[in-house]
Amino acid sequence: MLTSFPRLRAILLRLAQAIPVVIGVVVISFLLTRALPGDPAVYFAGVAADEASIEETRVAMGLDKSLPVQFVRYVGDLLQGDLGQSLSSGRPVATDLANRLPASLELTLTALILAVVIAVPLGILAATRPGTWVDHLCRVVVTAGVSLPTFFTGILLIYIFYYLMGIAPSPLGRLDFIYLSPDHVTGFYLIDAALMGDWETWRGAAKQLVLPAATLALFTLAPIARMTRAAMLTALSSDYIRTAKAAGLSNGTVLYRYAFRNSLLPVVTTLGMVFSFALGANVLVEKVFAWPGIGSYAVEALVVSDYAAVQGFVLAMALLFVALNLVIDLLYTTIDPRIGFGAQ
Amino acid sequence: MTDQTSRRNFLKMGAAGASMLPFLRALPASAQGNDTLVVVTGATINSLDLHRTGTNRASYQVGINCYDRLLTFGTKEVPGNGLSYDYAVVEPELAESWTESDDGLTLTFKLKPNATFWDGRKVTAADVKWSFDRAVSVGGFPSVQMKAGGLERPEQFIAVDDETFVIKLDRPSKLTIPDLAVPVPYIINSVEALANATEDDPWALDYLHTTPAGSGAYKVARWNPGEQLVYERNDDWVGGPLPTAKRVVIREVSSPATRRALIERGDVQVAFNIPDKDAAELADSLDVFSTPVENCIHCLCPNFSFEPFQDPDVRKAIAYAVPYEDIFQAAAFGRGLPLWGGSEKITDTAWPRKTQYYTDLDKAREHMAKSNHADGFDVPLSISLDLASWMEPTALLIQEALGKIGINVTIEKIPGANWRTAVLVEKRLPLHLENFGGWLNTPDYYFFWAYKDGHLFNSSNYRNEEIEALVDASLHMPMDDPEYAPQIKRMFEIALDELPRIPLYQPALNVATNGAEGYEFWFHRQLDARVLKAG
């Protein structure tokens, strides 16, 4: 039956291929966290703990067991959907991730959309008018975007728009303290607030998003703009464009239907890569804007050797990337029907 | 009626009934007024229950603001630095009065008859007993802290009747009463807790972790870990004068630069525990309180298990080589108190105190020449990456100075998760920086933790028979005992001559306020929200 739905079959095949990856991630993240220096029992036993209370803590954490026993327990819990208990936050890791992942995703996606909206037209303009001021502007933006570290851009934006001009809201995370967070549906405040029809909270959340998203967008638009420009230049100098022009097609048709569509593939590939490193670069933006995202969660967990939290984070990220790669592959076939699933 | 006006009407209705709602969905700017204070801090509150394993330091403030103890400390003025708790004055909080038997072994507390928990139930001696039993039974830090005051077993606590609570001690100790006023022995609503306890969890650790059940000045209205904690006033509080702020919002902002922008703009009223650098720079424009932390010293510790440091002349050479003033300026930006250049003769029992050492490279070289290591040696100086803000500049200056007397120092940076194991548990770092501070403000208590062999903060593996005997003798002795002062002075003499810890300076806790008054320093170094008011 599946043969009649090649796309569905391909998706299922893809997901099946992801299983060994996920198993590998589970094993490696477990071993790596155990290889971390430091003794979590000592850390969590507290400031004035003595030998006895450290030992009590170790038993309570299950760290007195051998590694294989710990692993079997971990996998057993995992199969029941239990990611374990984070020691530092004292809550189930799954709850923590469910709270924090949407915050990071909302920020990253907003930033990416912003970056695409700016970078793609900029790249196209630069490619169609090489050597003009647009091209130079593109180059300057790209260089600045790549060379300014995000935490610096973040602090600079806060300094100018919040501290000096006072037009940005206080950089206090996802919502100013005077708002209540909207009911949890997707975890994306903009979507949840819109679902409730609570536009005041929506505006509050949107305002808080502007500066961090701009910071992250500045950082991510550089590779997108560069790639768009390069891909467009290649496409525009190719034979089929010359043919299209010779056939007397209008400039717009040549540019968008033939050149742009063909240069979309590398741009989408870059987008996928940018998305993954933007999630990583988030950590610094999250710190500066007090954004309760997944990056700062992982770093804090790592610092205190909070095994369950680190493992949960790595696993969530792995699943996210499996999904992301799948989406990008599907996008390829939509953009360029010549790329079939048979080839994969 | 349009959507807009109905919303406005809703807000008006909401403002009238604000006491019912923890929060309006959006407060109009004018309603923030004097009722709400916003505090920013860099630390994360990870639990609402101090007794739980894994609860971090920043979470102790919930124990302070949401729960009551039997006793608390009074308030005193610190010249030039606002208010501080007063170790010398113990005041009642939930207790109305207390008596001590003549032999000092029985303490009898009368509870305030009108004290109630948030659910309206009267606070009884049974609650006190259950809470104390819990603190000594759960293990870990709370039990260690209780033990410091001689409180070790549930049998020591007796609920005589609803309003009378008795503590039986094994030996009289001057530390017991102060230990009842630290954050640990707080009183929990035992009926509510027991209703949520399970067989695996008889002390309701899971329940109280997220749901405090106390009688304190503030209730927790909201808690989003990693984001914010919102306190809401308990209008029936009898533990002290009712706080003026109806609501206190604690926001977690990990970037110090962002915290600084927020407090300078006045969008938040208190920035708690700001870096020394910001404190020094903001002192002109805002109210900045830099209170030297009592009974706390930033030290350089030569480890006795490392052969060259067994030589007293090497340790003295280091003590004379350390560039104290430069360290104080570079690492602490002059916040805190200098601890060098004092007199050798010890005439009082103040601690921390100025040592007789000062920067004098000639003297340092003389001591090195006299030692068995005149040609110098190599040693790593270990610092914690978590505490890099003061340890890194300090280590660099020490490295440079010791290089001049032939000690070749390499700096070893240890990740925070590793630090405690390496420095305090294994005690394996030859030369390192350390920053112990004792909650109970007596010199013998500091010596108990930091100079007695095998004790946690004695990271130098130091052992001196006389110190052992002196600490044991003075630890529980009343401070007005005629033998007390001579014993303490003798301890100072030995410790400062033998130098297992070389005091560098006394650090400060920095708090900036912009539109808030009444900040008070506490030994636990957490924010007491109860005394803050808008202003």
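Reply: Happy to. Let's begin with an open sheet in chain B whose 6 strands run in the order E14-E18-E13-E17-E15-E16, with mixed pairing. At its edges stand strand E14 (337-338) and strand E16 (407-414) of chain B, each of which pairs on one side only. Please keep in mind that this is a predicted model.

Further inside the order, strand E15 (residues 377-384) and strand E17 (residues 431-434) of chain B pair in the parallel sense, over 2 bridges.

The domain assignment of chain B gives domain 1 (39-270 + 511-534) and domain 2 (298-506). How far apart do the C-alpha centres of domain 1 and domain 2 of chain B lie? They are 33 Å apart. Where the two meet, 12 residues of domain 1 of chain B are in contact with 8 residues of domain 2 of chain B. On the domain 1 side of that contact, the residues are 7 nonpolar, 2 polar and 3 charged.

There is another sheet in chain B to set beside the one we started with. This open sheet has 7 strands in the order E8-E9-E10-E1-E11-E19-E12, again with mixed pairing. Strand E8 (218-224) and strand E12 (287-292) of chain B are its edges; each has a single partner strand, so one side of each is left without a neighbour in the sheet. From one strand to the next, the twist averages 20°.

For E12(B), the partner is strand E19 (residues 508-513) of chain B, and the two pair in the antiparallel sense over 6 bridges. One pair to look for here is Pro292(B) with its bridge partner in E19(B), Ala508(B). Strand E19 of chain B also has a helix across it: helix H8 (residues 256-265) of chain B lies across strand E1 (36-41), strand E11 (270-272) and E19, and runs at about 155° to E1(B).

Helix H8 of chain B turns up again when we look towards the other chain. There, 45 residues of chain B are in contact with 50 residues of chain A. The elements that give two or more residues to the chain B side are helix H4 (140-148), strand E10 (247-252), H8 and helix H14 (416-425) of chain B. Strand E10 of chain B is also a member of the sheet of 7 strands. By class, the chain B side divides into 16 nonpolar, 19 polar and 10 charged residues.

Leu180(B) is found in the loop between helix H5 (176-179) and helix H6 (190-195) of chain B. Is Leu180(B) buried or exposed? Leu180(B) is buried, because 24 other C-beta atoms lie within 10 Å, and the cut-off for buried is 20 or more. Leaving aside residues up to four places away in sequence, Leu180(B) touches Arg69(B), Leu70(B), Leu71(B), Gly149(B) and Pro185(B). As for Cys299(B), it is 119 residues from Leu180(B) in sequence and 29 Å away in space, C-alpha to C-alpha.

Notes: Residues are numbered from 1 along each chain as its sequence is written. Chains are lettered from A and ligands numbered from 1 in the order in which they are written. This is a predicted model: local features need pLDDT of at least 70, side-chain atom pairs count only at pLDDT 80 or more; totals for chains, interfaces and linings use all residues. Domain bounds come from an automatic or database domain assignment. Two residues are in contact if their C-beta atoms, placed from the backbone, lie within 7 Å. Ala, Val, Leu, Ile, Met, Phe, Trp, Tyr, Cys and Pro count as nonpolar, Asp, Glu, Lys and Arg as charged, and the others, Gly among them, as polar. Two strands pair if DSSP finds at least two bridges between them. Helices (H or I, at least four residues) and strands (E, at least two) are DSSP runs, numbered from the N terminus. Axes are lines fitted to C-alpha atoms, for helices over the stretch in contact, and angles run from 0 to 180 degrees between N-to-C directions. A residue is buried if 20 or more other C-beta atoms lie within 10 Å of its own, exposed if 12 or fewer, and partly exposed in between; C-beta atoms are placed from the backbone.
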